[in-house]
Amino acid sequence: MDSIPEKSETGFNENTGPHPLRLLSVSRMTPETYLMLFEILRAPEFHYHAGQWIALRHGADDEAFFSIASAPNAVGSGLFEVALRDYGERSSAWLLNLLPGTAVMAFGPYGSFSRVQTQRVPTAYIGTGTGVAPFRAMLQAQLSHQPSFEMPRVILAGHRDEERILWRDEFEAWDAQHVQLTYWVTLSNPASGWQGLCGYVQDHVRALAESHAFGAYFVCGHASMVQDVSKMLVRSHGVERSAIHTEPASG
């Protein structure tokens, strides 16, 4: 996602912008991660599928790329969220200097990282950090159209420690409410009292792959993790490459 494509890879939206947005709020989720809420100023011209990403621009030089973290209308009509992780000298850090009410431009949506074609097969979601953002949007979108999941869904989320787990309450609530959805969290640097999984997501791919006969895998996070997990699924578990959908984490 180093440059903006000329058009959506999937053809979901031929009008890729620019689309004017207004920043409504910024809230801290973890020590390094912020949730940003945007209003679409010309909503009829901007529509997206859960799982897609956008480019945000402000001025001539400031640009950043984000997976949209909420399904259409899930957080309000004409609103959507993105999750920004602040690494200090990162290209997206300029967003944290914007005040609520500031106008920015969006280009997109882009990408084929969406469940549109795989809604009726058991599905696994493997993500690290802000890589769980598109999964949240996908699950919100599905639940907006039906009360429960028809097929098994397993989320394997990797974070550094408990303080950095994103949308924990939301994912745990889905796990408790829906028999077909299971939420796994693994921490790479857990505190001594942690009772859950430990290590990186790669350490748990085998258990995940053996838990169900998945028809689709969605993998999002650090590029090295995405590559490692994809190779493991193909080489060790016989998963067809066409069943694995990947995206580097943005934000």
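This dialogue discusses how to read several features of a predicted model.

Student: What is the overall secondary-structure content, and how many residues does the protein chain have?

Tutor: The model is predicted. Its protein chain has four helices and twelve strands. The chain has 251 residues, of which 50% count as buried. Among contacts between residues at least 6 apart in sequence, 72% join residues at least 24 apart.

Student: In what order do the six strands of the open sheet stand, and is the pairing parallel or antiparallel?

Tutor: Strands of a sheet pair through backbone hydrogen bonds, either parallel or antiparallel. Here the order is 10-9-8-7-11-12, and the pairing is parallel. Strand 10 (197–198) and strand 12 (244–248) each have a single partner strand, so one side of each is left without a neighbour in the sheet. Strand 9 (residues 181–187) pairs with strand 10 over two bridges, and Thr 186 stands opposite Leu 197 of strand 10.

Student: Where does the model show antiparallel pairing?

Tutor: Strand 3 (residues 53–58) and strand 4 (residues 62–67) pair in the antiparallel sense, over six bridges. His 58 has Asp 62 in strand 4 as its bridge partner. Three residues lie between the strands of this hairpin, where Gly 59 takes a positive phi near 75°.

Student: How is the packing of helix 1 and helix 2 to be read, and at what angle do they pack?

Tutor: Two packed helices are described by the angle between their axes and the distance between the axes. For helix 1 (residues 133–145) and helix 2 (residues 168–177), the angle is about 45° and the axes are 12 Å apart. Helix 1 is therefore oblique to helix 2. Their crossing is left-handed. Arg 136, Leu 139, Gln 140 and Leu 143 of helix 1 meet Glu 170, Phe 171 and Trp 174 of helix 2.

Student: Which strands does helix 2 lie across?

Tutor: Helix 2 lies across strand 8 (153–159) and strand 9, and runs at about 140° to strand 9.

Student: Is Val 132 buried or exposed, and which residues is Val 132 in contact with?

Tutor: Val 132 is placed in the loop between strand 7 (123–128) and helix 1. Val 132 counts as buried because its relative accessibility is 0%, and the cut-off for buried is under 20%. Leaving aside neighbours within four places in sequence, Val 132 is in contact with Gly 127, Ala 157, His 159, Leu 166, Trp 167 and Phe 171. The C-alpha atoms of Val 132 and Cys 220 are separated by 6.9 Å, although these residues are 88 residues apart along the chain.

Notes: Residues numbered from 1 in each chain as written. Predicted model: local features only at pLDDT ≥ 70, side-chain atom pairs only at ≥ 80, totals over all residues. Heavy atoms only, no water. Pairing = 2+ DSSP bridges. Buried < 20%, exposed > 50% of the residue type's maximum accessible area, 1.4 Å probe, protein only. Contact = heavy atoms within 4.5 Å. Axes fitted to C-alpha atoms, helices over the stretch in contact; angles between N-to-C directions. Parallel < 35°, antiparallel > 145°, perpendicular 65-115°, else oblique. Left-handed = near helix turned anticlockwise from the far one by under 90°.
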